[in-house]
Amino acid sequence: SGLVMWAYAQAGISLPHFSGAQYADTVHIPMSALQPGDLVFFSNPGEHVAMYVGNGMIIQAPYTGAFVEIVPMYPGFTLASRVE
């Protein structure tokens, strides 16, 4: 959630730090509508958030202190939202 908050801040957009609040403060979209820059969440959005970068890939920091990584999106992600 910190990575997502930081990335959007670079574009002048303020998001809260907690992933559950990020989900609550954004427009919910179907997973089938994902575009680069959209956010993807686990079924409990308070657990984890990543940013979709396209072609089935996400960018994430899997836990505090972890290296940022670009990896294929895995099945745990079931919710999506868009910052508008």
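What is the volume of the largest pocket? About 210 Å³, in what is a predicted model. The close-ups below start with that pocket and then move on to a salt bridge and a loop residue.

**View 1. A look into the largest pocket, with its volume of about 210 Å³.** There are 15 residues lining this pocket. If you want to find its centre, look for Ser-1, Gly-2, Ala-61, Tyr-63 and Thr-64, which lie nearest to it. Sorted by class, the lining comes out as eight polar residues, six nonpolar ones and one charged one.

**View 2. Arg-82 and Asp-38 meet in a salt bridge.**

View 3. Are they buried or exposed? Arg-82 has a relative accessibility of 18%, so it counts as buried, the cut-off being under 20%. Asp-38 is buried too, with a relative accessible area of 3%.

**View 4. Asn-55, a loop residue with a positive phi.** Where does Asn-55 sit? Its place is in the loop between β3 (49-54) and β4 (57-60). Asn-55 isn't a glycine, yet its phi is positive, at about 50°. Asn-55 also counts as exposed, because its relative accessibility is 79% and the cut-off is over 50%.

Key: Residues are numbered from 1 along each chain as its sequence is written. This is a predicted model: local features need pLDDT of at least 70, side-chain atom pairs count only at pLDDT 80 or more; totals for chains, interfaces and linings use all residues. Side-chain values use heavy atoms; hydrogens and water are left out. On a 1 Å grid over the protein atoms alone, a cavity is a set of points where a 1.4 Å probe fits but cannot get out, and a pocket is an open set with protein on both sides within 12 Å along at least five of seven lines; lining residues have an atom within 4 Å of a point. Grid points are joined across faces, edges and corners, and a volume is the space filled by probe spheres set on the points. Ala, Val, Leu, Ile, Met, Phe, Trp, Tyr, Cys and Pro count as nonpolar, Asp, Glu, Lys and Arg as charged, and the others, Gly among them, as polar. Helices (H or I, at least four residues) and strands (E, at least two) are DSSP runs, numbered from the N terminus. Buried means under 20% relative accessible area, exposed over 50%, partly exposed in between (1.4 Å probe, protein chains only). A salt bridge is a side-chain nitrogen of Lys or Arg within 4 Å of a carboxyl oxygen of Asp or Glu.
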